[in-house]
Amino acid sequence: MIRAAWAEMLRARSGRNTLAVLLLAAFIPVIVLTGDDTLGRMTSLDAGTAASLTFAPLAWSFVVAAFAGAFGVTREFYYGSMERTIVLLGFPRAFIGKAIAAVAVGLVLALGVATAWFAVVAVVLGVNGLAFAPTAAVVRTVAGVVPGAALGAVMGASIGWIVGNYYVAAAIVLAGPIAFELAFLGTAPDVARFLPGLSLAALASPQNHPDLLSPGVGLAVAVGWTLVLTVLAGVIGRRRFV
């Protein structure tokens with residue numbers, strides 16, 4: 001199992017597609033930050049509030065982890081190598097190995113983005129005449145990146161097994177949370193907050209979306225979604241190859 005997971009991690013950082021994943025990791029928080037009026041309100045905010053709102057987009061770093069998890073599975077469907085992998089490893093080892101690798105890669109990407117975001121925030125605040133002032137909200141957001149990325153990676157890998165198609169899986173893990181779920185949050189927050197992506201975002205307590213669940217409830221909902229998707233992925237994946 002360890003070797004299978006290690007092989008998947010090595011595969012994740014090889015090839016030209018790795019650069020695309022890294023670019024995606026860099027742009028996800030930028031897309032979220034520029035998607036509302038946070039930047040336009042900077043000059044009217046105190047330094048602590050401005051820092052909290054500027055760090056809020058990191059709550060969506062789970063999207064990168066989910067994409068990496070889905071990519072690790074659907075890439076093999078795309079290139080027609082999944083059957084060979086199943087023959088060599090067996091379905092259980094391939095399934096668990098890809099999940100473990102997804103978590104490892106997702107955490108590296110999410111934490112890398114979080115680290116780089118400190119420089120982005122310092123520049124944004126400095127341009128608006130504000131000093132960087134870490135707050136408890138900032139700490140909660142950065143801390144929430146870890147469980148969000150881990151669960152998001154497993155969800156992404158599970159979606160990859162379920163749909164078995166690179167483009168469909170990419171559309172679900174990318175457009176689902178950032179486009180559909182955020183839009184739904186604006187029209188039906190009492191329902192939308194329980195969706196997979198928004199339950200993961202709630203773990204980081206983003207200050208720009210107060211309608212989300214509390215971190216504790218969000219964790220419970222996110223774990224529930226992860227378990228449901230993982231079981232469904234295991235059933236569908238096994239039926240395809242066993």
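**Figure 1. The buried side of helix α8.** In α8, the buried residues are A169, A170, V173, G176, P177, E181, L182 and L185. This is a predicted model, as are all the views that follow. What sits over those buried α8 residues? The cover includes α4 (62–79) and α7 (136–163), along with α9 (189–192) and α10 (196–201).

**Figure 2. A bend in α8, and what its length says.** Follow α8 along to G176 and you'll find a bend of about 60 degrees, with a proline, P177, coming within four residues after it. Both G176 and P177 are on the list of buried α8 residues. How far apart are the end C-alpha atoms of α8? They are 30 Å apart, and this agrees with the 32 Å that the 22 residues (166–187) should span at 1.5 Å a residue.

Figure 3. A70 belongs to helix α4. With a relative accessible area of 2%, A70 is buried, because anything under 20% counts as such. Leaving aside residues up to four places away in sequence, A70 touches G156, A157, G160, A169 and V173. Two of these, A169 and V173, are also among the buried residues of α8. Take V173: in sequence A70 and V173 are 103 residues apart, yet C-alpha to C-alpha they are 7.9 Å apart in space.

**Figure 4. Salt bridge one: K98 with E76.** How many salt bridges does a search of the whole structure find? It turns up 2. In this one, the side chains of K98 and E76 meet at 2.6 Å, N to O. The pair ties together distant parts of the chain, with K98 in helix α6 (residues 91–127) and E76 in helix α4, 22 residues apart. Are K98 and E76 buried or exposed? K98 is buried, and E76 is buried too. As a general point, side chains of opposite charge can pair when their charged atoms come close.

**Figure 5. Salt bridge two: R193 with D190.** Here the side chains of R193 and D190 come together at 3.2 Å, N to O. D190 counts as exposed because its relative accessibility is 55%, and the cut-off is over 50%.

**Figure 6. Helix α6 from end to end.** This helix has 37 residues. From first C-alpha to last, α6 reaches 53 Å, close to the 54 Å expected at 1.5 Å a residue. Where does α6 bend? Look at W117, where the angle is about 25 degrees. Just past the end of α6, G129 takes a positive phi of about 75 degrees.

**Figure 7. The largest nonpolar core.** This core is made of 68 residues, and those with the most contacts inside it are L58, W60, L125, W161, L198, L200 and L212. Which helix gives the largest share of this core? That's α6, with 12 residues. In soluble globular proteins, nonpolar side chains tend to be buried together.

**Figure 8. T226 in helix α11.** You'll find T226 in α11, which covers residues 215–241. At a relative accessible area of 7%, T226 is buried. A polar atom of the T226 side chain lies 2.8 Å from the backbone oxygen of A222. Setting aside residues up to four places away in sequence, T226 touches L151, V154 and M155.

Figure 9. S205 sits in the loop between α10 and α11. Its phi is near 45 degrees, a positive value in a residue other than glycine. S205 is buried, with a relative accessible area of 14%.

Figure 10. V87 is part of helix α5 (residues 82–89), while G90 lies in the loop between α5 and α6. For G90 and F241, 151 residues apart along the chain, the C-alpha separation is 9.3 Å. V87 is exposed, with a relative accessible area of 70%, and G90 counts as partly exposed at 22% relative accessibility.

Note on methods
Residues numbered from 1 in each chain as written. Predicted model: local features only at pLDDT ≥ 70, side-chain atom pairs only at ≥ 80, totals over all residues. Heavy atoms only, no water. Helix = DSSP H or I, 4+ residues; strand = E, 2+ residues; numbered from the N terminus. Expected span 1.5 Å × (residues − 1). Bend = angle between axes of the 7 residues up to and from the residue. Buried < 20%, exposed > 50% of the residue type's maximum accessible area, 1.4 Å probe, protein only. Contact = heavy atoms within 4.5 Å. Salt bridge = Lys/Arg side-chain N within 4 Å of Asp/Glu carboxyl O. Core = buried A, V, L, I, M, F, W, Y, C linked by side-chain atoms within 4.5 Å. Polar contact = N/O pair within 3.5 Å; in protein donor to acceptor, adjacent residues only side chain to side chain.
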